[in-house]
Structures are given as C-alpha cells and as structure tokens.
Amino acid sequence: MNRPRSIVILTGAGISAESGIDTFRAGANGGPSLWEQHRVEDVATPEAFARDPDLVLRFYDMRRAAIQTKEPNAAHRALARLEREWAGPVTVVTQNVDDLHERGGSHAVIHMHGEHLSAWCTACDVRTRWTGALIDRPACPACGARALRPDIVWFGEIPYRMDAIQTLLADADLFVSIGTSGAVYPAAGFVRLARELGAQTLELNLERSQGSAWFDQTRLGPASEIVTAWVDELLG
Ligand code: OAD
C-alpha cells in the first residue's frame, strides 16, 4: 500500500468484543443476538419505543450501566496512539454507542449511531450527558420535561453527522474498517464510497465481512492483536 496521509477508521462492535461487550450478530452464520427473548433489532426501533417504552428504556438502562463497568482494550488504545503520533489526520467513525474509544484516548471520534452516555430530550431537543437510568422518567435538566430518550439512532432513523462523514471519506487516503460485519447501512457502504473517491481500503476483522470483496486488503484476527500490529507497522 502507498503511504497514506489522512486516515478514516470505521469501527463496529468487534473492536469492543474483547472488552466484554457483546457484538450484535453471533457470527458469519449466526442470527441477531437476543435479549429476554427479544431480537435486539426489535428493541432498537422508534416503533418499539412507542409500543412499549418501559421495555426499551430498561434495555438501554441495562446497557448504559454495563458499559460503565468495561474498559478499553489494546485495539482502542492503539487507535488513540495512531491519532497522537500520525502526521496526518486520523478520525474514528464508530457505529458503537459505548465510550471506549474516548476512554482509550481518542479525541477525533464521530458516534454515527449515538451514545449510551447521552440522553435526548424529545421536548426541547437538548442532549445531556447521562450515566444513570431513564426508566423513572427523570426531568430534562434543560427544560424540565419528562421526555428523555436514549440518544441512540434506532433502525429507521438517520445516522448522525452523515455530511461530515462524507467529507471525511472524500478526503481519506486510507479507509480502514475494524470489527464490523458490514450488515448495516449506510456504514456498510462507506468502503465503496471511499474507494470510488480514491482511498485505499483495509479490513481488520475476526472473519470476512459481508463487504469484504470491496477491500484492497483483509487481515483476520482478534482486534487487540491485528489492530495493534497494524498501528505498530504504520508508525514504524
Ligand atoms: P456486528 O455484531 O454485526 O458485527 C461484529 C463484527 O465484529 C463481526 O464481523 C465479527 O466477526 C467481528 N468480531 C467479533 N469479535 C471480534 C474481535 N475480537 N476482533 C475483531 N473483530 C471481531 O456489529 P456491527 O457491525 O457493529 O446498530 O453492527 C452494526 C450495527 O448493527 C450496530 O451499530 C447496531 C447494530 O444493529 C444500531 O444499533 C443502529
């Protein structure tokens, strides 16, 4: 590969797997994971929230509590090191709603699917950092309304900061995808877009993703090992 300057890294659940956070899909042939007999995808929709808000709030309260007990792993820390030491811009676009990239030391992080540690007031549209539960309908600190929902992009909603992401992809010399199955759009389409716009493309994953054929190069293995090795290689 030619030596790149600007690097855009798309991450998915696989980068947090070794920190003890479950991925969404069980594997190449596995179906979606289940929570109390519900498909996770069925809990993560605006329709589910309208139908049974307690169920959805309980699910996210549990996940919000769980991520706060987890720690970043070597892959998160390697990306932070790359951002610190690389001469050009390094941006992480993550589908993950945990905060392990930030706690691992990365600063340039875009959470395209939202964040567990944020609550969104549907009355006043203000977002507030949130570490506790939402099930008891706490008041919004900004307007007082009891209309907070998880600040998560649900299926059928538009991911955050798509304009900024498209600009980054257009400027990228190297696009790297880490720990994502390539099953969920628009993120799954970033590799094709980046390629068409001139970037080299690299996939780092436990197994080949659905869009594997679009990558110039694929390296397989656990993120803690292959991401660290790739960053070491790049930084010489
Ligand atoms: P998936 O669960 O679909 O895919 C995780 C990928 O990580 C799979 O390809 C695994 O092989 C790989 N993997 C697992 N363990 C790994 C490890 N230790 N090292 C490297 N790779 C590993 O998760 P995502 O692709 O992130 O959306 O899912 C995309 C979106 O679908 C999520 O953001 C979420 C979900 O429904 C929303 O919530 C909107």
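In this predicted model, the ligand is surrounded by 23 residues, and the closest of them are Ala 13, Phe 24, Arg 25, Thr 180 and Ser 181. The side chain of Ser 181 places an N or O atom 2.5 Å from an oxygen atom of the ligand. Glu 18 also uses its side chain: an N or O atom there sits 3.0 Å from a nitrogen atom of the ligand. With Gly 179, it is the backbone that takes part, as one of its polar atoms is 3.3 Å from a ligand oxygen.

Next come the pockets. The largest one has a volume of about 930 Å³. Its lining is made up of 49 residues, and those nearest the centre are Ala 13, Phe 24, Arg 25, Thr 180 and Ser 181. These five names have already come up, as the residues closest to the ligand. Helix H1 (40-43), helix H3 (53-67) and strand E10 (200-205) are the elements that each give two or more residues to this lining. H3 provides the largest share, with three residues. Sorted by class, the lining of the largest pocket holds 24 nonpolar, 18 polar and seven charged residues.

The second largest pocket comes in at about 320 Å³. It is lined by 21 residues, and Ile 21, Asp 22, Arg 63, Ile 67 and His 116 are the closest to its centre. Here, strand E2 (34-35) and H3 are the elements that supply two or more lining residues. H3 again turns up with the largest share, this time four residues. The classes split into ten nonpolar, seven polar and four charged residues.

As for what touches it, setting aside the neighbours within four places in sequence, Val 227 is in contact with Ala 75, Ala 78, Leu 79, Ile 178 and Leu 204. Asp 54 makes a handy reference point for distance: 173 residues separate Val 227 from Asp 54 along the chain, and their C-alpha atoms are 39 Å apart.

Methods: Residues numbered from 1 in each chain as written. Predicted model: local features only at pLDDT ≥ 70, side-chain atom pairs only at ≥ 80, totals over all residues. Heavy atoms only, no water. Contact = heavy atoms within 4.5 Å. 1 Å grid on protein atoms, 1.4 Å probe; cavity = no way out; pocket = protein on both sides within 12 Å on 5 of 7 lines; lining within 4 Å. Points joined across faces, edges and corners; volume = space filled by probe spheres on them. Nonpolar A, V, L, I, M, F, W, Y, C, P; charged D, E, K, R; others polar. Near = heavy atom within 4 Å. Polar contact = N/O pair within 3.5 Å; in protein donor to acceptor, adjacent residues only side chain to side chain.
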